[in-house]
Amino acid sequence: MASPAETLHTERLVLRRFAPDDDADLEFALELHANPDLARFIPSAVLTTREDAAAWLRRIDGNTAPGRGWWCVEAEGAPVAAILLKPIPFSAGYTNAATEDVEIGWRATSTATGHGYVTEAARAVLDAALAGGLDRVVAVTDPANVASRRVTARIGMTHLGRTERYYDASLELFVARSDRSA
């Protein structure tokens, strides 16, 4: 299976891999993970120190297997969001060693929301993943996270309802398939 390109381009955006040794990426990681919406919906993702941000950058740098990874989304040369494509952890009791579900997700700075950056970038990564050989990509959202649910709809994912299959939580499940059926 082919991996989405190291760098993707859309009409307004450049999506590039994070650079773990880049000071600007470290500062952006801190800003990105200080978003109050991220703290509300994924409290474990909050980063508060430069050391935390450096550890996060090193960890995601190792997550670049075919069809996987994190992209730093830049608009007009400035980082505004992150898009991820990675294996999603199954909840206890749901693990199936024969399958691996791949999740698409996103994070944005509080100042970058409302501009369509996340939707545009997520669509580019999803399209590249499906064109590159993934048959199915999932997204999960907290039921109260209306903004993320809207992104899933805008990028063409199908809402399948509530699931407890991932993250040991009750989440809304969305799916996109290479043939674009649910």
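The model is predicted, with local features needing pLDDT of at least 70 and side-chain atom pairs counting only at pLDDT 80 or more, while totals for chains, interfaces and linings use all residues. Residues are numbered from 1 along each chain as its sequence is written, and side-chain values use heavy atoms, with hydrogens and water left out.

Let us begin with empty space. Rolling a probe the size of a water molecule over the atoms shows where such space is left. A pocket is an open set of points, on a 1 Å grid over the protein atoms alone, where a 1.4 Å probe fits, with protein on both sides within 12 Å along at least five of seven lines. The largest pocket holds about 1200 Å³, a volume being the space filled by probe spheres set on the points. Its lining (residues with an atom within 4 Å of a point) has 46 residues, and the closest to the centre are Leu38, Ile42, Trp106, Arg107 and Ser148. Among the elements that each supply at least two lining residues are α2 (36-41), β5 (102-108) and α5 (146-154); helices (H or I, at least four residues) and strands (E, at least two) are DSSP runs, numbered from the N terminus. By type, the lining divides into 25 nonpolar, 13 polar and eight charged residues.

Next, look at the loop between β6 and α5, where you will find asparagine 145. Asparagine 145 counts as buried because its relative accessibility is 13%, and buried means under 20% relative accessible area with a 1.4 Å probe, protein chains only. A polar atom of the asparagine 145 side chain lies 3.1 Å from the backbone nitrogen of serine 148.

Now for the rings. The whole structure has four aromatic pairs, in which rings of Phe, Tyr or Trp (its six-membered ring) have centres within 6.5 Å; planes over 60 degrees apart count as edge-to-face. One of them, phenylalanine 18 with tryptophan 56, is edge-to-face, at 5.4 Å centre to centre and 80° between the planes. This pair links distant parts of the chain, 38 residues apart: the loop between β2 (13-17) and α1 (23-32), and helix α3. Tryptophan 56 also forms an edge-to-face pair with tryptophan 70, at 5.2 Å and 80°. Ring pairs link Phe18, Phe28, Trp56 and Trp70 into a cluster.

Technical notes:
Nonpolar A, V, L, I, M, F, W, Y, C, P; charged D, E, K, R; others polar. Buried < 20%, exposed > 50% of the residue type's maximum accessible area, 1.4 Å probe, protein only. Polar contact = N/O pair within 3.5 Å; in protein donor to acceptor, adjacent residues only side chain to side chain. Phe/Tyr/Trp six-rings, centres within 6.5 Å; stacked < 30°, edge-to-face > 60°.
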